Amino acid sequence: MQILGYILPPVLVVIFFTIAYFVAEAKKNYGYIDIVWGASFVVNAWSAIIVTSLINMTWPSIPAIVVTVAVTIWGLRLSTYLFKRNWNKPEDYRYVTMRNNLVGKKHPKLLAYSKIFMSQAGLSILVSTVILVTLNGVAHTNDWLVYGFTIAGGFLWLVGFFFESVGDAQLRSFIRKPENRGKIMDQGLWGITRHPNYFGESLMWFGLGVVGLSVAYGYIGFISYIVITSLLLFVSGVPLLEKAFKDRPGFAEYASRVSIFIPWFPKKKK
């Protein structure tokens, strides 16, 4: 029966993304998939913790509770933020390009479902490895080991959450001011790393990986951190933004002073 705790959450995530697909089709906006990305981890975590608790007929372990609460806070904050930003707004250019690439092909809607929504569902399930491992795993018998990893990982997660949430808030505040139009944000956390939100997200998943070490085979959970950080550094995060801003006035000077990812003391302006 324990295997149900590993199988049911991914199945529910697939159903969740399928519902999102039909909403996106109705609204003619595939960009809505960004809104459900964070929430999909909440679905995974809560379904896993409920199923494992019912199977074992016991309360969840402290590491399981910490991971569930952390993922819930992160996932709902991200989805709420993107909902406010993207709902009833024009489709993001990335998805416009994807939609255009499907024109003229057989079964374009089925292709959109599989290539966009199911690929994201699969990625969400892969990144959720630390959730499934920690919530289904058996905690070490040494309480000090369990508490040590849980506290250390929880602290790292809090630092990461600070960087992501505060970085986003600082950027929103900066953009709202008309006098900052066309300028480069180099204040607050953006003055010690060019991507505080991405650094924060990476650190949060590393923190969850540390919490996962409190259960047997918990080291497998670091798959989540490796996948997320690789995507942020080499695929869809840092590279896209760096490319988008490279020709903006002032960016070259900003990039020469401020660390690209890991926060560090900025160099003095020349």
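What is the mean pLDDT of the protein chain? The mean is 91, and 99% of the residues reach 70 or more; pLDDT is the predictor's confidence in each residue, from 0 to 100. This is a predicted model: local features need pLDDT of at least 70, side-chain atom pairs count only at pLDDT 80 or more, and totals for chains, interfaces and linings use all residues. Residues are numbered from 1 along each chain as its sequence is written, and side-chain values use heavy atoms, with hydrogens and water left out.

**Helices**
- Helices are DSSP runs (H or I, at least four residues), numbered from the N terminus.
- Helix 7 (residues 143-176) has 34 residues and should span 50 Å at 1.5 Å a residue; its end C-alpha atoms lie 49 Å apart, which agrees. The expected span is 1.5 Å times one less than the number of residues.
- At the start of helix 7, a side-chain oxygen of N142 comes to within 2.9 Å of the backbone nitrogen of W144.

**Aromatic pairs**
- The count is 21 aromatic pairs (ring centres within 6.5 Å; planes under 30 degrees apart are stacked, over 60 edge-to-face, the rest tilted).
- W74 and W205 pair edge-to-face, at 5.4 Å centre to centre and 80 degrees between the planes. This pair links distant parts of the chain, helix 3 (residues 62-86) and helix 8, 131 residues apart.

**Salt bridges**
- There are six salt bridges (a side-chain nitrogen of Lys or Arg within 4 Å of a carboxyl oxygen of Asp or Glu).
- R77 bridges to E164, with the closest N and O atoms 3.5 Å apart. R77 is in helix 3 and E164 in helix 7, 87 residues apart.

Terms used:
Helices (H or I, at least four residues) and strands (E, at least two) are DSSP runs, numbered from the N terminus. A polar contact is a pair of N or O atoms within 3.5 Å; within protein, one must be able to donate a hydrogen and the other to accept it, and residues adjacent in sequence count only if both atoms are side-chain atoms. Rings of Phe, Tyr and Trp (its six-membered ring) pair if their centres lie within 6.5 Å; planes under 30 degrees apart count as stacked, over 60 as edge-to-face and the rest as tilted.
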